[in-house]
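Welcome! Take a moment to look at the sequence and the fold, then read on for a short tour.

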Amino acid sequence: MAPPPAPRLEWSLFALCLAVYAATRLVGITRFPAYFFCDEALQGNLASMLLDNGFRDHTGTLFPPYFLNDRRWAVSLSVYIHLLPVWLFGKSVACVRATSAAVTLLGAAAAGLALKEMKSRLWWMAPLIVGVTPLFFVHARLGFESAMMASFFFCFVWAYFVYRNRDPRWIFVAFFFGACTFYAYTAGQGVMLVTGLAFLLSDLRYHLRLKKRLWIGALLFAVVLAVPYARYRRLHPGVVHDQLAVLDSYWLHPVPLSAKLKEFGRNYAAGLDPRYWFRPNDREFARHRMDGMAFLPPYFVPFVVLGIYACGRRFLRSPLHRAVLLTPFGVPFSGAVANLQILRLLAMIVPVVLLTAVGLDQVYEWLSRWRRRWVIAAACAAALAIQCANLTRLALTRGPTWERDYGLYGLQWGAPQVFAAIREELVRSKDARVLVSSTWANNPAEFATFFLSSAERRRVVIGDIRAWDDRQTSLSGTEVFVMTPSEYELAKSKPKFELLPPLRTIPYPDGAPGFRFVRLRYAPNAAALFAEERTARAALREEIVTVRGESWSVRHSQTDMGSLPDLFDGRPETIMRGQEVNPLVFDVGFSRPRPLSGVTLVLGSMDRAHIRLLVTPDGGGEPRVGDLVITNRPPRASVFVPLPGGSVLSARARVEIADGNGVDPTFIEVGEMTFR
């Protein structure tokens, strides 16, 4: 049997594997993934805002514990990590992505060091094992905070292994990286809650043997690390409920607790299901996958099984092997509270890599009995390095055309290309005003902040050609509309518009026409066409809805969001929105007469609203009318419109909700309607 390798050689091989990992993350980092996502732009924007505002957020909070991402306070540590790169190099796609890749390099290194604590003979190969997973190949090259969370989880496991294996003082390092995992991404909270509890209970005897002074110091350090989260909950009360509402979590649905627990168990089990990980998964968005590939290489499966077997054999006598087996169970916890999504499960890379490495080490031990072990190790490392390079080649040559849906539900491609062209248009025409489509990305306003200066942003509006189609808005002739293909075809089909030839067209990566820069004007008969559409929108449509076992007939204005049952489901976060009508009307016919004294409504944001309730007595006669005018009311706060003179028996009620500012057309949102 060959002698063990010299430590210096192992460290040299480890450095070489890290170099291969780093190169395959950084080469062509602006070209793949082909899109630049709004959540990536957000990282640079928030870091830049902190630097410009003296480390205060948009609310004036100094060193905010969390930052607002659209409607969720869900971004934290990653913004602070981006501060130094943005300060040194400014905002750019390369800067944001390279910062994320650098943190994942730390995670890949921690994976190897954790395996070294486990006495793995192939510990130095860990960066290559991480590197060949399509899951981490994609996300390590993105500026998403989820990859940082998974990387810090690697670091936590490594620090815990050192603490448990040879140096109790490393409990401080483990706590630090555990906090980094917790704050890097919201899913990390569940990961650390379950994993931390599992490690605490599985090694309880060891923890209790620590010196009292060390325990006190560790607990005080944990309290310090928890301060940002306590501050966050104080600054934003109700934030957990709000986040669950944004995710439309079943925990807020009016269903029995048993049904919620059943759904949680189903989601949790699905997050641990090998089929989710080792088979191609087309349920996830294409932007999170590599074409035709599973998240994790299928050839990992036998090694993972061997790793589980090897760790199981050592479960009682080896705390590190026991910890590896416990690690997967924390990963699906946060993801299971809503629909499963790969970003919330990214930390699964940690137990899979460790188990794969343990399995490889077992095979290495068996084969080395009749072959020189370093020939085997070199062949394995070379194969992994070649696969890392092959993933990079495939991504850079074929990645942009793997998915041909470049819009909102596909890659959301085009931000750098579109905004580079916008800057050119602004320079070319000093009086131009650019109106950029809002329909091709989740939050395109982040791109304007990321790519444009403040002076340039004053000449750019994020909007949708449908806004000019819904209402006649003055056009000076200097506007340049940036339209997606569907919007361009819509504008061409509308007789109210006259389109000039496109100023330029940005093709999609597959060569199809993408974004068109177009000037347009209204046709001479546009005013008459708009008048006809306003009349049509005011017409009521009739639906039957079941409310608490009764069938109600409801005639209502046209809507463009939500459905009628959303008004009566007991959940204010589910909204129904009027389609450019003022007032928004609901004429409700009950299945049988009932006493009515008023109506309670939950409305969206409105500076001023006029609500009218008209109730027709069951025996006939003039309707009883209740009026209420509200101003400066917080969104989603309930309001009660009473009926003067007390309750009246009636089978019909009409509710009219008007924008008190007299804006027409307008969007009016209703979250809940309850008749009293």
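Helices (H or I, at least four residues) and strands (E, at least two) are DSSP runs, numbered from the N terminus. The expected span of a helix is 1.5 Å times one less than its number of residues. This is a predicted model, where local features need pLDDT of at least 70 and side-chain atom pairs count only at pLDDT 80 or more, while totals for chains, interfaces and linings use all residues. Residues are numbered from 1 along each chain as its sequence is written, and side-chain values use heavy atoms, leaving out hydrogens and water.

Now find helix α7, residues 145-165. From first C-alpha to last, its 21 residues reach 30 Å, close to the 30 Å expected at 1.5 Å a residue. Of these 21 residues, 20 are buried (under 20% relative accessible area; exposed is over 50%, partly exposed in between, with a 1.4 Å probe and protein chains only).

Helix α8 (residues 171-184) packs with helix α9 (residues 187-202) at about 145°, their axes 5 Å apart. Axes here are lines fitted to C-alpha atoms over the stretch in contact, and angles run from 0 to 180 degrees between N-to-C directions.

On the α8 side, Gly178, Thr181 and Phe182 meet Gly188, Gln189 and Met192 of α9; contact means heavy atoms within 4.5 Å.

## Cysteines without partners

How many disulfides (pairs of cysteine sulfur atoms within 2.5 Å) does the whole structure hold? The search finds zero. Cysteine 180 is in no disulfide either, with the sulfur of cysteine 155 nearest at 8.0 Å. Cysteine 17 is buried at 5% relative accessible area, and cysteine 180 is buried at 9%.

Technical notes. A disulfide is a pair of cysteine sulfur atoms within 2.5 Å.
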